[in-house]
Amino acid sequence: MNLKTVSPASPETDSKALMEKQVVPIPTAPIAVESNSSQTAVPAPPTKQPIENKPPVIEEEALRYDPVAIAAEYSRSPLQVLGRSLGIVLPFVFFAVGIWWDGLWGRRTSNERRRAVQMRKILTNLGPAYIKVGQALSTRPDLVPPLFLEELSRLQDQLPAFPNEVAFQFIEEELGARPEQVYAELTPDPVAAASLGQVYKGKLKTGETVAVKVQRPGLARRIALDIYILRLLAMWVQNNIKRVRSDLVAIMDEFGTRIFEEMDYTQEGRNAERFAQLYGHLQDIYIPHIYWQYTGRRVLTMEWVTGTKLTDMEAIKTGGIDAKYLIEVGVQCSLRQLLEHGFFHADPHPGNLLATPDGKLAYLDFGMMSEVKPYQRYGLLEAVVHLVNRDFEGLAKDYVKLEFLTPDTDLTPIIPALANVFNDALGASVAELNFKSITDQLSALMYEYPFRVPAYYALIIRSLVTLEGIAINVDPNFKVLSKAYPYVAKRLLTDPSPELRTSLKDLLFKDGSFRWNRLENLLRNAGQSQDYDINQVLDQTLDFLFSDRGAFIRERLVDEVVKALDAYGRRTFDNVTYSLRERVGLATSKQVATKVEASQNAQNLQKIWEILKETPGFDPMQLVPVIPQLLMKQETQRMGQKIAGRLAQRVIARMIREALLQDVSEEVLHNGHKNSQKEAPGTKFILPPAAAIR
């Protein structure tokens, strides 16, 4: 694209005539953001410097969503609210009547394109809140017909633009200089127009190619009115429809908070830098740079990223890009957002995810972000473990932790209901599930039992379902959970938190028995995770094993070692005995005394060792210097004493048992003719054939 010299607004242009004044109530307290020790602190953006000797512009206070203040303002304007409500409802009524009329006259197929265009125009005219609904639907080829999908996808970056004069006036007001003084070049028209703003391609005077995003005029008041109306509707539904138990008002407030944050481009810049610091190190993830000197509340200047939408399959194939791989990269990044750091991109529609020419996945538009608290992250991980383990009692308790159920809810009828739902859904493999099937299965329970959808969860589901929709568009057979489980396995094996240590224990032990197949599955899946460090796992395993929390594992390990040594000793004794008897001609058949269970345990240990050797980065020689350290530990010495004692008990008990049996057998043989009618203990007595009886 050729860049042309900027064409600024005319000096006579009156900004008050070009834009509606944005007046939004500001709450008395700032929004609190939870800190996390695992996250790197993001510095505040540097103070804007004057450009071309222009005086610096004092930044306006950031927009904040305050439902009480908004309600107080619009409650005084009932006619304005009524007019806007009719403006929302009537277009959908006419659309529904049109669909009904097409069906009545058999023209539904021939008019489908027309109705799809009509739907796109309705959402576009209704404004940003409804455009975002259309963007979410545009990623679901499994829900929306192809023609509607094609039209709704145009809502991502092909919306009507607003006049350049307004955009250039905003640039001057925010940056303190005319556009031609700030940028060396700027496209004469926007290259993309989205729900909240439009984007120009430009070049700084220092030579960097940039994207300049300018906010739409009159945005805050329009969004505030729409959210006020939707909040009133949510309140009415919540108070009058008893089957709806979710806090719809809280969900609307969460949406309002995020969309108001999205209208502050300085907040978006901070979000981008925090996102880059948390996830920019991941393989093939790219986050553009923010130019703070050229950024204000309504103007954002960031690095220009050349790329292709993941849904544009023709361009993807032409560029030789592996779209399936990039989807996997996106899934892995989303898992870390939701389950590791908790700071996640809540609006990952195709317009915000680009495949770069060098095969990386670039994230754009960091306006709508959200947080998942630590207890919620661990709760989600535990829920996955309980789902895999088919532990529906544990899963029901997870729903309480995750605030889907209140602590006083009677879980007795819910546990079998979950079992019925998920036993059918799980089938042969959890990996075959997708997020939509899970939410569909849960929706039936939501009405029958006192479930409610927490406000934080609505944005998570929106994010995951949108990502899954993009994945399905690339590959209809793509299974998100099958790609997600390696990360979950890695977290279970490496995370030292008490919550996940307990989940790992529940997964590996059942009724006192160790489930070797689960450990094999965890190790194999974890080995597929990009940042899996097997040596770290071994170090953490040993630390945990010899800690107070690992006492239960040490006890079970002692039992397993005793069984294995006893089995090995008996097998060795039988082999030696057989060899001696064979030499003197007394051996007739080899007796196998090894128990199947102990032999199986030895085979399982061998399988685990083979998996470890195949894991990238594993070096058996690193274990050599560790062995002396382990032998010196008091816990190891106590384990050795227990092993010796229990092994001696087993051997003595078996010797006594076999001696008693031998005495009984000899007595039976000695008195066989006298007591031929009686069966000795431990002896199988067989009657002679009937013909031999006299």
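**Notebook: salt bridges, strands and cores**

I started with K401, which is partly exposed at a relative accessible area of 42% (buried means under 20%, exposed over 50% and partly exposed in between, with a 1.4 Å probe and protein chains only). I note that this is a predicted model, in which local features need pLDDT of at least 70 and side-chain atom pairs count only at pLDDT 80 or more, while totals for chains, interfaces and linings use all residues. Residues are numbered from 1 along each chain as its sequence is written, and side-chain values use heavy atoms, with hydrogens and water left out.

**Entry 1: the partner of K401**

I looked up what K401 meets, and found a salt bridge between its side chain and that of E382, at 3.3 Å from N to O (a side-chain nitrogen of Lys or Arg within 4 Å of a carboxyl oxygen of Asp or Glu). E382 belongs to helix α14 (residues 374-389) and K401 to helix α15 (residues 392-401), so this pair ties together parts that are 19 residues apart in sequence. Helices here are DSSP runs of H or I with at least four residues, strands are runs of E with at least two, and both are numbered from the N terminus. E382 counts as buried at 7% relative accessibility.

**Entry 2: other salt bridges**

I searched the whole structure and the count came to 18 salt bridges. One of them joins the side chains of E151 and R120, at 2.6 Å from N to O; E151 sits in helix α6 (residues 146-152) and R120 in helix α4 (residues 112-126), 31 residues apart. Buried or exposed, I asked of E151? E151 is buried, with a relative accessible area of 5%, and R120 counts as buried at 13%. I also found a network of salt bridges that links R113, R120, E150 and E151.

I then turned to K213 and E268, whose side chains meet in a salt bridge at 2.9 Å, N to O. K213 lies in strand β4 and E268 in helix α11 (residues 265-279), so the pair ties together parts 55 residues apart in sequence. K213 counts as buried at 14% relative accessibility, as does E268 at 2%.

**Entry 3: strand β4 and its neighbours**

Strand β3 (residues 197-204) pairs with β4 in the antiparallel sense over 7 bridges (strands pair if DSSP finds at least two bridges between them), and A211 of β4 is the bridge partner of K201. The hairpin of β3 and β4 has 4 residues between the strands, and there G207 takes a positive phi near 105°. Strand β6 (residues 299-303) also pairs with β4 in the antiparallel sense, over 5 bridges, with M302 of β6 as the bridge partner of A211.

**Entry 4: the cores and the whole protein**

I looked for nonpolar cores (sets of buried Ala, Val, Leu, Ile, Met, Phe, Trp, Tyr and Cys residues joined through side-chain atoms within 4.5 Å), and the largest has 127 residues, with F260, F275, L310, L418, F451 and L522 making the most contacts inside it. Helix α18 (residues 455-474) gives the most to this core, with 11 residues. Another core lies apart from it and has 19 residues, among them A167, A177, V214 and V299.

Over the whole protein I noted 26 helices and 13 strands, with buried residues making up 47% of the 694 residues.
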